[in-house]
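Please look over the sequence and structure first.

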Amino acid sequence: VVQQPIRKAFNPHAGLTYDYMEDFIKSIAPERLPEFQAIRVTYRSYPAVKRWFLEAFPEVNENLWFAA
């Protein structure tokens, strides 16, 4: 019996950190940076902030310039 190596699931948002989100917003829409900062304070949960970010900036899925 040959064992297959375990593959990690592909995560298209690997590397999507708070710093990355902030840098992306600064480069694309700096006027929305205060909104992002308020969202971080309000939600205090990475999944909720990530969801907001991906809805607010769908173009990040096309650019995928993560530093992963």
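Helices (H or I, at least four residues) are DSSP runs, numbered from the N terminus.

This is a predicted model: local features need pLDDT of at least 70, side-chain atom pairs count only at pLDDT 80 or more, and totals for chains, interfaces and linings use all residues. Residues are numbered from 1 along each chain as its sequence is written, and side-chain values use heavy atoms, with hydrogens and water left out.

- Phe53 is in contact with Leu16, Met21, Phe24, Ile25 and Val60, leaving aside its neighbours within four places in sequence. Contact means heavy atoms within 4.5 Å.
- Ile39 lies in helix α2. Ile39 counts as buried, at 13% relative accessibility; buried means under 20% relative accessible area (1.4 Å probe, protein chains only).
- With neighbours within four places in sequence left aside, Ile39 is in contact with Arg44, Val49 and Trp52.
- From C-alpha to C-alpha, Ile39 and Phe53 are 9.4 Å apart in space, and they are 14 residues apart in sequence.

**α2 against α3**

- α2 and α3 pack at an angle of about 150°, with their axes 9 Å apart. Axes are lines fitted to C-alpha atoms, for helices over the stretch in contact, and angles run from 0 to 180 degrees between N-to-C directions.
- That angle makes α2 roughly antiparallel to α3 (over 145 degrees).
- α2 passes α3 in a right-handed crossing, meaning that the near helix is turned clockwise from the far one by less than a right angle.
- Glu35, Phe36, Ile39, Arg40 and Tyr43 in α2 meet Ala48, Val49 and Trp52 in α3.
- The residues of this contact divide into 6 nonpolar, no polar and 2 charged. Ala, Val, Leu, Ile, Met, Phe, Trp, Tyr, Cys and Pro count as nonpolar, Asp, Glu, Lys and Arg as charged, and the others, Gly among them, as polar.

**α1 against α2**

- The axes of α1 and α2 come within 9 Å and cross at roughly 160°. α1 and α2 are therefore roughly antiparallel to each other.
- α1 passes α2 in a right-handed crossing.
- Tyr18, Met21, Glu22, Ile25 and Lys26 of α1 make the contact with Leu33, Phe36 and Arg40 of α2.
- The residues of this contact divide into 5 nonpolar, no polar and 3 charged.

Key
Helices (H or I, at least four residues) and strands (E, at least two) are DSSP runs, numbered from the N terminus. Angles under 35 degrees count as roughly parallel, over 145 as roughly antiparallel, 65 to 115 as roughly perpendicular and the rest as oblique. Buried means under 20% relative accessible area, exposed over 50%, partly exposed in between (1.4 Å probe, protein chains only).
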